Amino acid sequence: MHEAPATPGTERRAGRLSDRLTLSAKRVLWAWLFLAVPVVFYGAIRFWPTAEAFWISFTDWNLLRPAQFVGLDNYRRLLADPLFWKVFANTFLYLILGTPVSLVLSFAIAYHLDRVRFLHGFLRALYFLPFLTTAVAMAWVWRYFFQPVPIGPINNLLASLGLPAQPFLRSTLQALPTILVPAVWAGMGFQIIIFLAGLRAIPTSYYEAARIDGLSERAILWRITLPLLKPTLVFLVVFASIGFLRIFDYVYNMNTNDPGGPLDSTKPLVIMIYQTAFKSYDVGYASAQTVVLFLILLAISLLQLRLMRQPT
Amino acid sequence: MTALSKARPGRVVAWTLLFLGGIVMVTPILFMFSTSLKDSSQVFDLRLVPAEPTLDNYRTILEDGRFLRWFLNSLFIAVLATVSNVFFDGLVGYTLAKFRFPGRRLVFLAILSTLMIPTEMLVIPWYLMASRFGWLDSYWGIVFPGLMTAFGTFLMRQFFETVPDDFLEAARIDGLNEFTIWWKVAMPLVTPALSALAIFTFLGNWTAFIWPLIVSTRAEMFTLPVGLSSFSVEQSVAWEMIMTGAAIATLPTLLVFLVLQRFIVRGVMLAGLKG
């Protein structure tokens, strides 16, 4: 401080300020400096829009005229809308068909894959690859598979076996399970890897003890492996359920001419939300639908927390 | 010994079944690449290995400038989101794990609670925000909702908690400032988690569909999935072209996987168990 600085006053004040700050106070400042941009981001891009979604759901906004508060009208309209109930039933069909089918298949594969040493990595890669694909791209491949003869390979196969051709995506009855095929296919790789990690985490001493006690493989599976796998199972059930409740990409792209068709037979909630908001511009009504989706997902997440807390 | 040799035939059967199942799993992908190498006259010939493989479809599709543009749009957005997530999720995860300050628990719970909010609930307000600020049909408009994620933040926080404080204290004694300590000392210690986060973010943004579909209306601003979704409607008869487009959309992630296989599988395991 012997050389005269340009602005001695400020320099001395700044020096004194930083002297007065204790080490821990400085670290608090750093912490908030690090968090400044993220806090603004989460506030503006997550919390504010959430509040806005709730607010819009109580208005009749359609982007053309100013929004007007209409109370619970949108929710009343939803309960009286036959399309909503149709969509609600479809969404739960995706959930109750997709979740068990994909988890049982994934577990069976992971359980056997875990015991295989020969070319283990190669087999695992075969099962994992679909997880890395783009839904929009693979939806087109699967659409091709399910085409009627003479195009579709699956119908060609049925024909060569002397079986009747199936309408698949063109049937109101078959279209929904048909869409589930690629959706399940694409999600299994992830589930198998998580199951493998869960199986790996079970100490081998448990198995050894059980074998010494003379338990059969089947008994070991039901009494040791599955109970010890509970955290993994709960995680995957919730993860898969949320995925099927939010299904969109495959439904939209398996039938781009009429997403959710034929005759709304495959339409899940998220397609209805998309169409209500961005095709009909009925933003208030669409927001009420998103709130319903939010409440369903919230209920499932809370259920997960309860299941996780229960002792095994 | 007898038990082992008895189990052998069962194991061979199990291995064979697993192998056949694995082939079934990759068949759609193989079929896609195979069809992309056929010309229109061979499309309905269902052989997996094309009789006369040709790259003509790829040439045609890349000469049609739109497709290349969508590819580059997707690449740019996925890279931008990945860089942003690695930086910010890393920074926030580190701060929440390694700093003690008033409001820490509140910030933690606030970010945690955003995991409960489904994207579908936010797309309408995001769209209104984007149209109000003129972000429709722009890179910023596509990328802004995903610049940080709660998932990534918690993944990083879990890993930073395992970093010993001694390392950071040593750096402090050396006179490094807190930002440098994070970037130069702490971040390199969690490289496995960072690469898992980077892979997930890239993959998630590369395949993202619903938000890019909503926010981009002009064909030049489509991402590859949105473009592919529209592109195919126009050419709904030309299956070989659709398959070529699909193959190009799938190729980057498959290549990344083939190079980093062990890394990616471990990353999924890490994220699944910790996240």
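What percentage of the 275 residues of chain B count as buried? In this predicted model, the figure for chain B is 42%. For chain A, 39% of the 312 residues count as buried. These two values make a handy starting point for a walk through both chains.

Chain B is built from 13 helices and has zero strands, so that its elements read α-α-α-α-α-α-α-α-α-α-α-α-α from the N terminus on. Its radius of gyration is 24 Å, whereas a compact globule of 275 residues would come out near 19 Å. Along the principal axes, the C-alpha atoms of chain B fill a box of roughly 75 × 70 × 35 Å. Among the contacts in chain B with a separation of 6 or more, 74% join residues 24 or more positions apart.

Turning to chain A, the secondary structure comprises 14 helices and zero strands, following the pattern α-α-α-α-α-α-α-α-α-α-α-α-α-α along the sequence. A box of roughly 100 × 70 × 40 Å, taken along the principal axes, is filled by the C-alpha atoms of chain A. Residues 24 or more positions apart make up 68% of the contacts in chain A with a separation of 6 or more.

The domain assignment divides chain A into domain 1 (8–45) and domain 2 (79–309). Taken over C-alpha atoms, the centres of these domains of chain A are separated by 48 Å. An unreviewed UniProt entry annotates "transmembrane region" in chain A at residues 28–48, 92–113, 125–145, 179–199, 220–248 and 283–303. Two of these spans can be described further. Residues 179–199 of chain A are 100% helix and 0% strand, with 30 Å between the end C-alpha atoms. Residues 220–248 of chain A are 86% helix and 0% strand, and here the end C-alpha atoms lie 39 Å apart.

Finally, the two chains meet at an interface in which 65 residues of chain B are in contact with 69 residues of chain A. On the chain B side, at least two residues each are supplied by several helices, including helix 1 (2–36), helix 3 (65–98), helix 10 (191–207) and helix 13 (239–274). Helix 13 of chain B gives the largest share of that side, with 15 residues. By class, the side of chain B that touches chain A holds 52 nonpolar, 11 polar and two charged residues.

Definitions and conventions: Residues are numbered from 1 along each chain as its sequence is written. Chains are lettered from A and ligands numbered from 1 in the order in which they are written. This is a predicted model: local features need pLDDT of at least 70, side-chain atom pairs count only at pLDDT 80 or more; totals for chains, interfaces and linings use all residues. UniProt positions are given in the numbering used here, feature names are shortened, and annotations may be inferred rather than shown by experiment. Helices (H or I, at least four residues) and strands (E, at least two) are DSSP runs, numbered from the N terminus. Domain bounds come from an automatic or database domain assignment. Two residues are in contact if their C-beta atoms, placed from the backbone, lie within 7 Å. Ala, Val, Leu, Ile, Met, Phe, Trp, Tyr, Cys and Pro count as nonpolar, Asp, Glu, Lys and Arg as charged, and the others, Gly among them, as polar. The radius of gyration is taken over C-alpha atoms; the globule rule is 2.2 Å times the number of residues to the power 0.38. A residue is buried if 20 or more other C-beta atoms lie within 10 Å of its own, exposed if 12 or fewer, and partly exposed in between; C-beta atoms are placed from the backbone.
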